[in-house]
Amino acid sequence: MRFAVLGPLEVTTDDGRAVRVPELKVRALLACLLAHPGQVVADDRLIRALWGPQPPGNPLGALRVRVSQLRRALDEAEPGARELIVTRQPGYLVTGDTDARRFQEALERSRAAAEPGERAVLLAEALSWWRGPAFADFADSGGLAGEAPAHGAALRLEEQRLTALEDYADVRLDLGQDASQLGELAELAARHPTRERFHALLMRALYRSERQAEALEVYHALRERLRDELGLDPGPEIVALHQAILEQSPRLRRPAGTAAPVPVRLPEPLTELIGRDEALAELLALPGTVRLVTLTGAGGVGKSRLALEAARRLAGQFPGGAHLVELAAVPPGPSPGVAEAVSEALGLRADSGAADPGERIAAALGARRTLLLLDNCEHVVEPVAKLTELLLRAGPHARVIATSREPLGVTGEVVRQVPALDAAAAMRLFAARAAEAEPAFALTGADAGAVETICRRLDGIPLALELAAARVRSLSVGVLAERLDDRFRLLSAGRRGGPAHQRTLRAAIDWSWDLLTEQERIVLRRLSVQAGGCTLEAAERVCAVPMPIPSGPPGDAELAAEALAAGSPDLDPAEVVDLLGRLVDRSLVVRAGDRYRLLESVAAYALERLCEAGEHDRVLRWYATYYTQLAECAEAYMRGRARHHWVRRLDAETANLHAALEAALRLGDRRLAERLTGSLGWYRVQSGRAGRRLDGHLDGVPGGGHGGGPDEGPDGGAAPAMAAWAIVPSPPHR
């Protein structure tokens, strides 16, 4: 069991699962015990912290109830953990590991380190444990009637953190990192306007960056502030630094040498991670021998958020630090942008160490265990793969988590696809984000059906759900569900923060579309007509220009000839399998068994692109023709043992058969529609659908299940003669 107090109070099991500690007073009790690690906290102190000057009638009894609740919560999460709450006169103490202990232990080791580089890495490790203000939810009374449970401990830890930040900035200056610290030091000096050491460090960094006038101005502003607010003069150390800057002392020059990594600066998540417990636990449980994990998945599915949470949980295992490298802004292509982004994230100067940026990064990481989070790699897969392989080969200690819409393809890579949220998690996410957008929102039984529809039609994609939830400020969930046919307009009020391609639903899919080759785009947009997913055979027949079929539907030969004569970049059916595999790798097509499908939002987008390309009616005819041929093939096997296979095959294609009939009618091809319904008569009888129409459009089209001839079918018994141009079936499964 692990306790985290350097930020909001958190409890996790040893394998990384979050532990829920119920009720405010029980959490406050735990905070008060953790504020005095290894010490017995007296009963009366705990009672004052929980109830203040007005304790309950039986304060000791009430305290024991809260202790019992705390022990039960810990034990339910991890059997035996109740023993961590120890009863010892005159009160209680808590045992167990805390991030505060690890922070202080790393500080002690940094003080004993002789080399600046080693000190820098140890201080980076120490600072990596901080997630926010210490005891963030219990540093004051936090709504309790009693005294703040952890106020004194929070102040002590905050002072230690500030000192560690000062020490870290100091040693980084000793290593030659000055310009990379300017923004951070300016922010720290502004946040602590009378803390002299931050101002002194900022002055040194400015001076080394050839900004002597600004360094002197920092000193003058500090001197005036100290005199006006505290009636004090600056201390002797900063006065001496001011004089050295005036004299341009040689001791202030930048030293030579390779820079050390900057401290962990993983951004603090702004929202709770919902519905990813299982995926997060799987990532945290991967063995240490796995050095590259790539999270793939559709745009907006939450790869970055999951990777960030995993990196935050793992950061303490990496003395060299955990570093986020955001690659969305790096231009695509073989430019050095990837290496530059990694160098910037690590705070490395271009003029330090090896000339090759990849080798310079490898040298800076050294032999320390370091975690790199490479986010949004899909548009720069090749340079990311090359740099990652170099870093992994340079030593055994670097570990990389990458997010991409396709794998990197590096030896040793472990790929984990981030799935869409299941129905329950999607509804929880929508409800939580809707309540953030509109505080009056609450998921009621009356709204549950509409919210379920929204979550299903948006495929459980977190980005789409969050964009939809933001609209509850102006629309009811019922209206929202009704208007999802126009989803790209509806969900266009995007986020202002984050990468541009994650701000609206259309932008997320545009980003993936722009990375496709022209042939991949052809396959994707033509797949949009498939109503219920499809087999590989269906994709090959509908996505590629078919050869003219003898005795085929009128106009087929002319349509194919026109397409080829126009020079359109149409495909050979044999190419479709590889292109389909590429689209699966790029997380635009979902494969389940032997079927392929598009998420509803991707299908809507691809259908727009199909219409823009002027191909809609042509591809729709190929689609209707293929499923008519499939139905006629099935009819040929309507007797004998093979019919069971074909019934199952047609069952799987129910949505496509309906859509193919609608397509034939829309195209005005009544002959094709009659052939389709006529060939399915036997199937409606076999599957118990006799007496029902295939859909609501074709009352007058005969359905019969008889094709004319008495020829013997493949399994014996009479079977109708197949049309001369019907598909030649593969050997049936018996």
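Cys-534 is buried in this predicted model, with a relative accessible area of 1%. By a sulfur-to-sulfur limit of 2.5 Å, the count of disulfides comes to zero. Cys-534 is accordingly in no disulfide, and the nearest cysteine sulfur, that of Cys-543, is 6.8 Å away. Cys-633 also counts as buried, at 2% relative accessibility.

**The sheet that holds Cys-534**

Strand E12 covers residues 534-535. It belongs to an open sheet of three strands in the order E12-E14-E13, with antiparallel pairing. Strand E12 and strand E13 (590-592) stand at the edges with a single partner strand each, so one side of each is left without a neighbour in the sheet. E12 pairs with strand E14 (residues 595-597) over two bridges in the antiparallel sense. Which residue of E14 is the bridge partner of Cys-534? The partner is Tyr-596.

**The cores**

The largest nonpolar core has 117 residues, and those touching the most other members are Phe-430, Ile-454, Leu-524, Leu-527, Tyr-623 and Tyr-627. Helix H27 (residues 616-636) supplies the largest share of this core, twelve residues. Apart from this core lies another, of 84 residues, among them Ala-62, Leu-63, Leu-107 and Leu-201.

With neighbours within four places in sequence left aside, Leu-527 is in contact with Cys-534, Ala-539, Cys-543, Leu-580, Val-589 and Leu-598.

**Helix H25**

Helix H25 spans residues 573-585, and its buried residues are Val-576, Leu-579, Leu-580 and Leu-583. Why do they lie on the same side of H25? They cover an arc of only 110° around the axis, which puts them on one and the same side. An α-helix has 3.6 residues a turn, so residues three or four places apart point the same way. The face of H25 turned away from the buried side carries the exposed residues Ala-574 and Asp-578.

The cover over the buried residues of H25 includes helix H22 (518-527), helix H23 (536-543) and E14.

At the start of H25, a side-chain oxygen of Asp-572 reaches to within 2.8 Å of the backbone nitrogen of Ala-574. Just after the helix, Ser-587 takes a positive phi of about 65°.

**Strands E3, E4 and E5**

Strand E5 (residues 91-94) pairs with strand E3 (residues 41-42) and with strand E4 (residues 85-88). E4 and E5 form a hairpin with two residues between them. The table lists the two pairings and a residue pair from each.

| Strands | Sense | Bridges | Residue pair |
|---|---|---|---|
| E3 and E5 | antiparallel | two | Val-41 and Tyr-92 |
| E4 and E5 | antiparallel | four | Val-86 and Leu-93 |

Strands of a sheet pair through backbone hydrogen bonds, either parallel or antiparallel.

**Arg-102**

Arg-102 is found in helix H4 (residues 99-112). Its side chain makes a polar contact with the side chain of Asp-97, at 2.6 Å. Not counting residues up to four places away in sequence, Arg-102 touches Arg-2, Asp-97 and Trp-129. Asp-97 is therefore both a polar partner of the Arg-102 side chain and one of the residues that Arg-102 touches.

Technical notes:
Residues are numbered from 1 along each chain as its sequence is written. This is a predicted model: local features need pLDDT of at least 70, side-chain atom pairs count only at pLDDT 80 or more; totals for chains, interfaces and linings use all residues. Side-chain values use heavy atoms; hydrogens and water are left out. A polar contact is a pair of N or O atoms within 3.5 Å; within protein, one must be able to donate a hydrogen and the other to accept it, and residues adjacent in sequence count only if both atoms are side-chain atoms. Contact means heavy atoms within 4.5 Å. Two strands pair if DSSP finds at least two bridges between them. A nonpolar core is a set of buried Ala, Val, Leu, Ile, Met, Phe, Trp, Tyr and Cys residues joined through side-chain atoms within 4.5 Å. Buried means under 20% relative accessible area, exposed over 50%, partly exposed in between (1.4 Å probe, protein chains only). The arc is that of the directions from the helix axis to the C-beta atoms.
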